Amino acid sequence: MIEMIRRFLRQKSRSTGTLIVVGLFAVASAFTLASTGGQTGAGGGAGFLVLLVLAAACVAKDASGGALQMILARPIRRTDYLFGRYFGIVAAFAAFLVACSLLGVVAKAAWNAGGPPLSPQAMLAGLGYGTLWAAQTAAVFLFFSSFLPGYGDAVAFLGLQVLLSVQTSASWYQRLAEAIRREVMPAVPWDKAFGGDLAALAAAGRGVLATVVFLAAASLIFARREFVYGQD
Amino acid sequence: MDRTETPAAAGRSQSRVSPVLFWALLAAIVFRIVTAVMDRGGADGTGLVRWHPREDAAARAASTGKPILYDFTAAWCGPCRLIDRDWGTREVADRVNASFVPVRIVDRAREDGRNAPDVAELQRRYEVSGFPTLVVASPDGRLIGKHEGYRNREALVEFLKEPGRP
């Protein structure tokens, strides 16, 4: 699996477009970090877009290019490949957060932007919580990526978010959307969960279970898929 | 996959859930149950009051002619547990069940990062800025009375008797 993680990171580091987008967001987040004293805001808009760039079509690209078939022809488990992609996404996002932190320190030192002084604890906490958020969100991407072609995973993820935020007078729909938001895609306040807040811990419990279920489902679907050369 | 595996064994091992994933799933289920049990009792304390689903409250209020009593609460809110204790007393519960269509509105913004749209709309409409907040509204949604925070049972009963009194 380590080899698959390395392969994913190599792929992403060789993509100029990915590097430019991630670099721009890292600089933007670094200034946020410098002015807030340690919070990058990752997990918000910028974090989500970076994760989207890293995770979208992570399996489909390999499948359509024929690389996946070559990889699976070797004595390697499909789950090793799949989780290599997953941990690769999480590792790449963690690297993005580290880059944000380092750039934030530089920005603070060079321009001495206003706001509170940088707090190493806040920066470390931001790294940890951001990575946990990425692990949870990447599992949903991986699930969709295990059976949808092209950028279908990104479209499905965004479509699901839109569907869940639709306001309608149908009470059954509101209840269903609320149940999905609560049980399947909960927003976990990790800082409060680690602070011992019981309600936040319960949300963490739902988040962890949903993540593992998404990974297990992705693994089962991916293990049963047939890949043919020249097809996705 | 072991290089010495037969093709049949290889096929089976490919389609099986890996043991690590199986144990991770088991651990996640246990974690989910433990954290849910730890969190239980908070905002679920229903007492003796017969709470109605918020979706049906307006229709029920219109058909019975009773005003709606909204209990805006949250799982993490300490004073809300005091009011929950009062919902469990016969004196308060009988009054609430007889005079109102009681509805509990549990805030989930802190846990889930957001509330359901209808919950957010109710909080906006009645300008709920803290918990617990009791709101008495007519069946058509007009505000009759509002009681913020928790003082004691006497004050609660007084509000339930005359919710429109300032």
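Axes here are lines fitted to C-alpha atoms, for helices over the stretch in contact, and angles run from 0 to 180 degrees between N-to-C directions. Helices (H or I, at least four residues) and strands (E, at least two) are DSSP runs, numbered from the N terminus. This is a predicted model: local features need pLDDT of at least 70, side-chain atom pairs count only at pLDDT 80 or more, and totals for chains, interfaces and linings use all residues. Residues are numbered from 1 along each chain as its sequence is written, while chains are lettered from A and ligands numbered from 1 in the order in which they are written.

**Stop one: a helix pair.** Select residues 2–13 of chain A, helix H1, and residues 78–111 of chain A, helix H6: their axes come within 7 Å and cross at roughly 50°. That makes H1(A) and H6(A) oblique to each other (under 35 degrees is roughly parallel, over 145 roughly antiparallel, 65 to 115 roughly perpendicular, and the rest oblique). Now show Met4(A) and Phe8(A), among the H1(A) residues that meet H6(A); contact means C-beta atoms, placed from the backbone, within 7 Å.

**Stop two: where the chains touch.** Chain A brings 34 residues to the contact and chain B brings 29 residues. Pick out H11(A), which gives the most to chain A's side, with 18 residues.

**Stop three: Lys146(B).** Look in strand E4 of chain B, residues 143–148. Beyond its neighbours within four places in sequence, Lys146(B) contacts Tyr126(B), Thr133(B) and Val135(B). Between the C-alpha atoms of Lys146(B) and Leu134(B) there are 5.7 Å.

Terms used. Contact = placed C-beta atoms within 7 Å.
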